[in-house]
Amino acid sequence: MVEFYHSVTLNEAQCVGCTNCIKRCPTEAIRVRGGKAVIAPERCIDCGECIRICPHHAKRARFTSLERLKDFKYNIALPAPTLYGQFNNLDDIDYVLTGLKEMGFHKVFEVSRAAELVSEATRKLMDAGKLKRPVISSACPAVVRLIRVRFPDLVDNVLPLKSPMETAATMAKREAQEETGLPLEDIGCFFITPCPAKVTDIKAPIGMEKSMVDGALAISDVFPMLSHKMDHLEAIEPIANSGIIGVGWATSGGESAALLNEKYLAADGIENVIRVLEEIEDERIGELDFIELNACAGGCVGGVLCVENPYVAKARIQRLRKYLPVSQNHLQGGPIPSLMEWESGLEFSNVMSLSADLQEAMMMMMQIDEIEQEFPGLDCGACGSPTCRAFAEDVVKGGSRKTDCVFVYRKQLQQVASTLSALESAPCVLPQEDGQEKN
Amino acid sequence: MSMLHLHYDVPGDDFTRAGEASGDVKHKLKRLGYEPDAIRRVAIAMYEGEINMVIHAGGGEATVDIDPDKVDIVLQDHGPGIADVSKAMQAGWSTAPDNVRSLGFGAGMGLPNMKKYTDLMEIESQVGVGTTVHMVVNPGKK
């Protein structure tokens with residue numbers, strides 16, 4: 001059995017057992033059991049939809065604490081370009097980067113620098129014609145995990161390149177080693193993340209054995225201290241070294257625009273992503289070369305660990321990008337460096353099927369079809385399952401009883417009540433209360 | 001008698017609902033853990049057939065029988081029928097009206113694609129009576 005790591009977790013004390021999260025989950029991974037939400041680890045893709053919807057803030061993302069910096073002699077911050085969109089009236093990215101150094105980082109390496117290299121590598125791979133079309137971006141870890149559990153036929157369409165975060169970490173650590181002479185284990189690399197899926201992507205990466213990133217700090221966690229530092233800067237260091245292409249990765253459409261090829265689409269928001277994947281699977285999207293998908297509305301700026309409204313952040317990033325060069329980072333001719341490529345391909349993980357045995361799965365589906373007829377089809381969620389159909393599955397799989405449905409329960413109560421009242425009017429041969437026998 | 005028998009009414013008056021039946025079949029096959037390539041072929045072939053019923057025949061009925069070794073699809077309509085089946089099977093030949101073509105359909109690839117993705121495809125059609133398309137997909141083939 002594979003061990004699962006998830007950033008998305010439940011704080012039981014705050015969970016009231018409402019139905020908001022179970023209905024929102026794109027892989028039907030959540031049930032309410034015993035008045036609390038339970039997440040099936042094999043199905044969760046860490047998209048963060050449940051965190052977004054939970055009115056009681058019972059769903060949380062685990063991320064790295066700033067304390068962890070103490071474990072290393074030398075620390076590098078890897079800010080996602082999304083971070084730049086969180087600040088009002090920002091006209092120079094170097095304020096943010098210098099602020100990060102003031103927080104205790106020895107070095108800051110923009111993830112957008114690596115993004116420009118990933119864009120160039122993608123263009124090269126696509127030009128070489130070796131990739132299965134349409135090529136699906138591998139940048140959003142929640143989307144890659146969604147494909148892994150729900151779209152078996154599309155695993156080979158996913159771009160086999162490491163994310164800008166990984167490439168940035170590899171480059172930054174190499175630079176730091178050259179600059180300081182320190183061994184690799186003394187250098188810490190921390191991604192400043194907009195979402196929990198990236199936290200998971202570091203702990204349990206896809207396409208490689210081990211991530212080069214040592215931790216992920218939430219934008220929301222870093223924000224208060226960082227904005228304070230930014231307000232009290234004495235001098236601004238010239239650190240920023242990326243262009244329109246790299247910074248553009250923060251918003252939906254940025255990655256595909258960087259391919260300089262019009263045959264692409266960019267979809268964002270998990271429901272839209274699913275719809276597009278369904279259509280690719282049915283070969284209804286034939287004329288496109290590249291598909292950019294982001295689980296969050298607006299792209300990474302919509303991540304649940306951001307502090308600013310995604311559309312405000314997007315507008316700010318557009319303004320910030322305006323006077324930047326197109327791109328400031330380029331591959332040195334020749335083949336794509338192997339450190340940028342996936343070490344292993346994406347493999348389908350069959351966690352949604354009813355049974356590993358087809359015959360048994362078919363028997364189960366017949367039972368599910370039958371049992372589903374007994375439920376009202378309201379999808380109320382009071383049973384703890386997201387829909388009546390999912391509930392029928394849970395009954396057949398053995399996780400629920402039919403009477404967990406309030407409508408079935410009420411029907412049974414009514415039956416019991418009418419049986420009881422019928423009994424009351426029936427002739428009775430027992431002695432009457434005053435001791436006299438009937439007849 | 002197949003293990004799993006599914007039946008769908010495909011409404012002909014609502015174009016926005018076209019693809020629902022094939023979508024449901026695909027979803028069910030996935031939950032069964034059916035072979036991914038067979039799922040893909042069923043999804044594409046049945047979608048094409050379903051769209052055809054909506055565009056040309058004012059809807060119809062779909063029955064799908066799922067067994068471990070085959071998916072059997074029958075699409076039946078009471079539309080105008082196909083005058084020349086062999087012509088309709090040619091790539092690029094279409095009688096779809098302009099309003100349908102403007103939505104990206106009607107490229108004349110429907111029937112050829114259905115044939116390409118299935119292991120068996122038969123068409124029975126009579127002008128003025130209707131059309132029945134029978135398709136079989138075997139997992140592990142093609």
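# Reasoning from the model: helices, strands and cores

Reader: How do you know that the span of helix 4 of chain A agrees with its number of residues?

Author: Helix 4 of chain A covers residues 111–128, which is 18 residues, and at 1.5 Å a residue it should span 26 Å. Its end C-alpha atoms are 26 Å apart, so the two values agree. Keep in mind that this is a predicted model.

Reader: Which residues of helix 4 of chain A are buried, and what do they pack against?

Author: The buried residues include A:Val111, A:Ala114, A:Leu117, A:Val118 and A:Ala121. A:Arg113 and A:Glu116 are also among them. The buried residues of this helix pack against strand 5 (74–79), helix 6 (164–180), helix 9 and helix 10 (254–257) of chain A. After helix 4 of chain A comes A:Gly129, with a positive phi near 70°.

Reader: Why is A:Ala392 called buried?

Author: The cut-off is 20 or more other C-beta atoms within 10 Å. A:Ala392 has 25 within that distance, so it counts as buried. A:Ala392 belongs to helix 14 (residues 388–397) of chain A. Leaving out residues up to four places away in sequence, A:Ala392 touches A:Ile368, A:Ile371, A:Glu372 and A:Phe375. A:Gly207, by contrast, is 185 residues from A:Ala392 in sequence and 36 Å from it in space, C-alpha to C-alpha.

Reader: How many of the residues of chain A count as buried?

Author: Of its 439 residues, 46% do. Chain A has 15 helices and eleven strands, and its C-alpha trace spans about 110 × 50 × 40 Å along the principal axes.

Reader: Which residues have the most contacts inside the largest nonpolar core?

Author: They are A:Ile76 and A:Leu78, in a core of 104 residues. Among the residues that A:Ile76 touches are A:Phe105, A:Phe109, A:Ala172, A:Ile187 and A:Phe190. Another core, of 51 residues, lies apart from the largest one, and includes A:Phe375, B:Ala43, B:Ile66 and B:Ala88.

Reader: What makes strand 7 and strand 10 of chain A edge strands?

Author: The open sheet has three strands in the order 7-11-10, with parallel pairing. Strand 7 (135–136) and strand 10 (264–268) of chain A each have a single partner strand, so one side of each has no neighbour in the sheet. Strand 10 of chain A is joined to strand 11 (residues 290–294) of chain A by five bridges, and A:Ala267 has A:Leu293 as its bridge partner.

Reader: How do you know that the side chains alternate along strand 5 of chain B?

Author: In residues 130–137, B:Thr131, B:Val133, B:Met135 and B:Val137 point to one face and are buried.

Reader: How many bridges join strand 5 of chain B to strand 3 and to strand 4 of chain B?

Author: Strand 3 (residues 70–77) of chain B pairs with strand 5 of chain B over seven bridges, antiparallel; B:Leu75 is bridged to B:Val133. Strand 4 (residues 120–126) of chain B also runs antiparallel to strand 5 of chain B, with seven bridges; there B:Glu122 is bridged to B:His134. The hairpin of strand 4 and strand 5 of chain B has three residues between the strands, and B:Gly128 takes a positive phi near 85° in it.

Reader: Which element gives the most to the side of chain B that touches chain A?

Author: The contact takes 17 residues from chain B and 19 residues from chain A. Helix 2 of chain B gives the most on its side, with six residues. By class, that side of chain B has eleven nonpolar, two polar and four charged residues.

Key:
Residues numbered from 1 in each chain as written. Chains lettered and ligands numbered in written order. Predicted model: local features only at pLDDT ≥ 70, side-chain atom pairs only at ≥ 80, totals over all residues. Contact = placed C-beta atoms within 7 Å. Helix = DSSP H or I, 4+ residues; strand = E, 2+ residues; numbered from the N terminus. Nonpolar A, V, L, I, M, F, W, Y, C, P; charged D, E, K, R; others polar. Expected span 1.5 Å × (residues − 1). Buried ≥ 20, exposed ≤ 12 C-beta atoms within 10 Å, placed from the backbone. Pairing = 2+ DSSP bridges. Core = buried A, V, L, I, M, F, W, Y, C linked by C-beta atoms within 7 Å.
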